[in-house]
Each structure stands twice: as C-alpha cells, then as structure tokens.
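Please look over the structure below.

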Amino acid sequence: MAGILAPRRWTPAEIVELAVAHDLAELEVEAGGMRVRVVRRHAEAAARPSAAAAPTALAQPSPAVAAEAGTITIEAPMVGTFYRSPSPEAPPFVSEGDTIKEGQTLCVIEAMKLMNEIDAKLGGRIVKVLVDNAQPVQFGQPLFLLEPLK
C-alpha cells in the first residue's frame, strides 16, 4: 500500500495553528524535504500571568460590539502579531466602512517570522476593526466585524 497516498503538505501556519488548537508544548512535522518545529513556552506564560493576560484583555471586543445584529465576526486563524498594512508606511489593507470582496486581503498576521496574509472568505462591509496595529492576537480572537453583502 505504500505510495498510494501522497503525504499531506502542511503550511507552517497550519502547523502553528495545530499546536495551538491542541495546546501542544512541542510539535515537529517533516514532509517533502521540509521540517517545521513549533515549541511553545507554557511554563514561561504561567510564571508571568499578568504580563500575558494584559494584551489579550485589551484586544478583546466588548460584548455589545460583538453582538451587533447582522454582522459576522472574522477571527484570527492563528496566534501571532496583527498588522493592518503590508509595511509601516503603507495604507491599511481595509478600514471601517470599506466594502470588500471575497479573497481580498484584510490583514497580515506574523507568526514565527512568517507573514501570513488573511483573506476574506466572503464579501461585505467592514463595520469595525477590533484589534490595533502591531498587537498580539490569539487563535480565534475576533479581528473584524463584517456586514455580509446581501
């Protein structure tokens, strides 16, 4: 049976997401001549709960904003640093009030020194940007409120 199924090709972002989703301290994947190793520092975060908790608490939207009728929350697909534009001098990919289309780049999340473009899964209007530029984000953290196109 060997050779019938091709090995799955994982992107580094998917590997990081897998480690975070399953709360793994360490994960190593090797396939197709590429090896990616993710090491998460659980003990360090537990030793400094106040420092780790502060950015997350500030970046979370208020319940009133998240519950806005007719909107969809676009969440972070990985842990990393949120950037609204491709470079410090460039304008943001999207701003509040912008109409976007499916596949359009919304932001970049830097994870393990890799810049991952986050694209819209559907078109609509950006109602609210929920995270400040250059702030750390967690997997599943709300980034934008989107009013879908009708």
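Which residue in β8 is the bridge partner of threonine 99? The partner is arginine 125. Keep in mind that the model is predicted.

## The open sheet

Strand β8 covers residues 124-129. β5 pairs with β8 over two bridges, in the antiparallel sense.

That pair is part of an open sheet of four strands. The order is β3-β10-β8-β5, and the pairing is antiparallel. β3 and β5 (99-100) are the edge strands. Each of them pairs on one side only. Strands of a sheet pair through backbone hydrogen bonds, either parallel or antiparallel.

## The second largest pocket

The second largest pocket has a volume of about 240 Å³. Its lining has 14 residues. Closest to the centre are Glu75, Pro77, Ile118, Asp119 and Lys121.

Two elements give two or more residues to this lining: β3 (72-75) and β7 (114-119). β7 supplies the largest share, four residues. By class, the lining of the second largest pocket holds nine nonpolar, one polar and four charged residues.

## Alanine 111

Alanine 111 sits in strand β6, residues 105-111. Is alanine 111 buried or exposed? Its relative accessibility is 7%. The cut-off for buried is under 20%, so alanine 111 counts as buried.

Beyond its neighbours within four places in sequence, alanine 111 is in contact with Met78, Val79 and Asn116. Alanine 13 lies 98 residues away from alanine 111 along the chain, yet their C-alpha atoms are separated by 7.2 Å.

Methods. Residues are numbered from 1 along each chain as its sequence is written. This is a predicted model: local features need pLDDT of at least 70, side-chain atom pairs count only at pLDDT 80 or more; totals for chains, interfaces and linings use all residues. Side-chain values use heavy atoms; hydrogens and water are left out. On a 1 Å grid over the protein atoms alone, a cavity is a set of points where a 1.4 Å probe fits but cannot get out, and a pocket is an open set with protein on both sides within 12 Å along at least five of seven lines; lining residues have an atom within 4 Å of a point. Grid points are joined across faces, edges and corners, and a volume is the space filled by probe spheres set on the points. Ala, Val, Leu, Ile, Met, Phe, Trp, Tyr, Cys and Pro count as nonpolar, Asp, Glu, Lys and Arg as charged, and the others, Gly among them, as polar. Two strands pair if DSSP finds at least two bridges between them. Buried means under 20% relative accessible area, exposed over 50%, partly exposed in between (1.4 Å probe, protein chains only). Contact means heavy atoms within 4.5 Å.
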